Amino acid sequence: MAILKAVLGPTNTGKTHYAIERMLGYSSGMIGLPLRLLAREVYDLVVEAKGETAVALITGEERIEPPKARYFICTVESMPMTKSVEFLAIDEIQLAEDRERGHIFTDRILNARGTQETLLLGADTMRGVLRELQLELDTDIRERFSEIQYAGPRKITKLAKRTAVVAFSADEVYAIAELLRRQKGGAAVVMGALSPRTRNAQVELYQSGEVDFLVATDAIGMGLNLDVDHIAFAARSKFDGRRRRRLTASECAQIAGRAGRFRSDGTFGETSDCPEFEEEMVRRIENHDFEPVDDIEWRSADLDFSNLKALIASLGAPSPNPVLKLNPEALDEWVLRRMAEAEGIGPDVAGVSKVRRLWDLARLPDFRKAGHDGHGRLVLGLAETLADPDARLSDESMERRLDELGSTQGDIAKLQQRLAAIRTWTYAAHRGDWLADPQRWQTRTREIEDRLSDALHEALTARFVDRRTTALLASLQKEEALVSDITPAGEVSVEGHLVGKLVGLKFEPASTARTLEGKAVRNAALAAVRPIMARRLTDIADAASSAFSLAEDGSIAFDGETVAVLARGADWLNPRVELDGAVEAEAEAKEAARSRIEAWVGEQVQKTLPTHNGLSRLGALQTLDGLARGIAFRVMESGAAVDLRNDDPGHRLTAEQREALKAVGVRAGRVAAHAPDAQKPAAQALVAILRSAFDDAACRPAPSGAGSFALDGSWPDETLQANGYLRFGRRAVRADLAERLGWEIAKRRKEAGKNAFALPAELASIVSCPGDDFPTVLKGFGLAPAEKDKESGVISLWRYAARSNPGRSAARTNGARPLKKGQGETRRDARPPKRESAAERRRADPDNPFAALAALLPEDKPKKARKRRPRKKKAKPSFAYAPFL
């Protein structure tokens, strides 16, 4: 006598595994499964045990049927009911209460039998219905191998690894997956709309550990065996095709039961905006205590195909049992009625073959989820061509349709739409009587579906999985050293993933975001860059001088990449060097590199500024005394030159002192004291860089090689003198040339033998000055016009004006009028700074070399009020310019 047994229980009770083992014990068998995905998984298991030639896979969209197949793995809808097998099983029989598919499961429960053994697998809620159907079966109630417990709500960002988040719409799934990508590195995505190939690829992404999170619809509740520890519900309601409704306790348990496998316990809870589970609901899920199924969907299996009206009437035949509920709203019946109303078909179709053809068309699944109207239009369009049983879809028609679907370009939504559409034509290709060459189109549709599935998997992975982050996180957990590499361009990779770029001693991570991605990149980068940084610091410490270069902004490059910057030191000739980067490197290695760079800077000062180097480092300043020592110190401090026009004429250098200054590299005349080697272009550039670092303000270099240049009001005296220039009206004149011009003026005055004397225009060439600016330069020497040509206005004779401060007065003739309220600082910066008195300088810095001159300089005395004297008609030469007389 054949065995009929129901094996009932919650998820993770081994029901399907038990049925497979029983089937393999017979010489032939068949198992009906609820999903194409699960059918493919079981098919692979059975092939492994029995070989490809013995196993068939039959689904609506896929058919692998070897001639000598003995085991048939099918979806419930595709079970070949005419085949006789020793063993037969139907899985997930509780789906008999589903409004769309339930009547098919009911038909298999009532009519599908193996000759030796039949197993009905499903939830314990079906026990009462099976008893009411009086099937005379044995019942095996199974307990779950592990327990599931309620863990309460958790934020998505606080979810632990190996968690599956369940939502009930594509938009919700994508939003959660996007958040998990930013916060956790990524998630796999599983939805019923995905093809089996795409779902398998996404599941493998999770199972392999590449990602630790899964986001799924309720498709996870059936047919997927996953290593999930926790199920997090993002919602507890779903749209079932007709309305949005709350999930039942049994539906929640079916999903929650995915947590924990075999002997491992699992947990479930809420996340996102999901309302908390009520205590009663929690109790029922944990104890698998659910309301029994009261009735199941049913449709008569005794259909009348004599004509269309008779078929519709037989579909509405009343149920023979109260637990069998007739559902007149099934999609295939609705489509059939639309055919009966259509002009091209009508209700009067007769003949078994014609009516069967229309019924086959009406049962085309709605893979696109287009709804009754959308799906109905597709089927009616096919019926216009295929209503005649002898009609076939032409190759040209199929080619046109498939060409539109073959593209793998587009976003996730586009790819899903094409996949849903191609599944329709894959189904059609497996209907041998719909196409002229079904074998050809089965191959073609399978190829397109596979390409689209792979493209969709890649698109999902690219959008929701940060593979670099997940790989780096996994690498950081390894005990062995990370495999890192750096390209000649400085790009650093870890385990084959780009993590950033090393520029000099600064690491620029590929991600600076304050997310898991940024954290993973930074942590992996720090671990990988540390040995690379150590090698680079060693290279710097051992480098030759030719490997370094100094930029205008004070940055120092090693092999073309910035590694250090100049900072304020003890004085401007001895800047401090600070490494630019290498924060995480060892202190000893950093100091060795820093010291080498600092030594190189010293070499540049010694080579480019030998006078300054001798005065500051070699003790040349100590060989001078008195006023000569003070002037040398001022030249050293200024940068290149000092203006002597305003100095006290009572303290004049002797010939011996001038020679002593010359011996240490300083030239001192009547107008200026300067260091000739500091007035070269390279020296000017170095002085500007060193002064900028010391003063923490930009010091502009003068135009290279200029004897003089026009002033625009933005050149303070300190900057000019640092470059070796002095202010003469609206022009800056190089100190050595100003000294030479001064001697020429004195010579002309002496030759004239009187205060009024002529100065030829050619003298302007000495200081490279345009003729229009030359009068202004002369005024800077304390000269004033003595005689002008009345017609041309050209100055023919000059004289010394009675001014005690020609340098300042000349600045005033430059047009630098007193600033008015609201004017900018450009002109204010151009004013000479207020000089401190000698006593103030000595008190401010007792170590200043001028302190040695204290005995020679008179103490400042309070100024007495001077009586106003009548202005003399004829001005006398300034005492400050007596040397030129």
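Before anything else I wrote down my burial terms: buried means under 20% relative accessible area, exposed over 50%, and partly exposed in between, with a 1.4 Å probe and protein chains only. I'm working on a predicted model, where local features need pLDDT of at least 70, side-chain atom pairs count only at pLDDT 80 or more, and totals for chains, interfaces and linings use all residues. Residues are numbered from 1 along each chain as its sequence is written, and side-chain values use heavy atoms, with hydrogens and water left out.

**Entry 1: Pro67**

Pro67 counts as exposed, because its relative accessibility is 87%. I found Pro67 in the loop between strand S4 (63–64) and strand S5 (71–75). Helices here are DSSP runs of H or I with at least four residues, strands are runs of E with at least two, and the numbering goes from the N terminus. I also checked Pro67 against Thr53: they are 14 residues apart along the chain, and their C-alpha atoms are separated by 7.7 Å.

**Entry 2: the whole chain**

I stepped back to get the overall numbers. The chain has 28 helices and 34 strands. Of its 885 residues, 50% are buried. For the next number I needed "contact", which means heavy atoms within 4.5 Å. Among contacts between residues at least 6 apart in sequence, 66% join residues at least 24 apart. The accessible surface comes to about 43000 Å², and 48% of that belongs to carbon and sulfur atoms. These areas come from the Shrake-Rupley method with a 1.4 Å probe, and for residues only the protein chains shown count as cover.

How many of the ten residues of H3 are buried? I got eight, so H3 is largely enclosed by the rest of the structure. The buried ones are Gly102, His103, Ile104, Phe105, Thr106, Asp107, Arg108 and Ile109. They pack against S6, strand S7 (117–122), helix H4 (127–132), strand S17 (296–298), strand S18 (324–326) and helix H10 (331–341).

I then looked at Glu92, in the loop between strand S6 (87–90) and helix H3 (102–111). Its phi is near 55°, a positive value in a residue other than glycine. Glu92 counts as buried, because its relative accessibility is 10%.

**Entry 3: Lys369, for contrast**

Lys369 has a phi near 55° too, again positive in a residue other than glycine. It is placed in the loop between helix H11 (352–362) and helix H12 (371–386). Is Lys369 buried or exposed? It counts as exposed, at 73% relative accessibility.

**Entry 4: helix H8**

In helix H8 (residues 279–287) I found Met281, Val282, Arg284 and Ile285 buried. Looking down the axis of H8, I saw these residues fall within an arc of 165°, so they line one face of the helix. The arc is that of the directions from the helix axis to the C-beta atoms. Just after H8, His288 takes a positive phi of about 55°.

Arg162 is in the loop between S9 and strand S10 (163–166). I noted Arg162 as buried, with a relative accessible area of 15%. Leaving aside neighbours within four places in sequence, its contacts include Tyr206, Asp212, Asp227, Asp229 and His230.

Phe145 lies in the loop between strand S8 (138–141) and S9. At 28% relative accessibility, Phe145 counts as partly exposed. Phe145 and Thr13 are 132 residues apart along the chain, yet their C-alpha atoms are separated by 5.7 Å.

**Entry 5: helix H15**

Asp454 is in helix H15. At 35% relative accessibility, Asp454 counts as partly exposed. How many residues apart in sequence are Asp454 and Ala201? They are 253 apart, and 8.3 Å apart in space, C-alpha to C-alpha.
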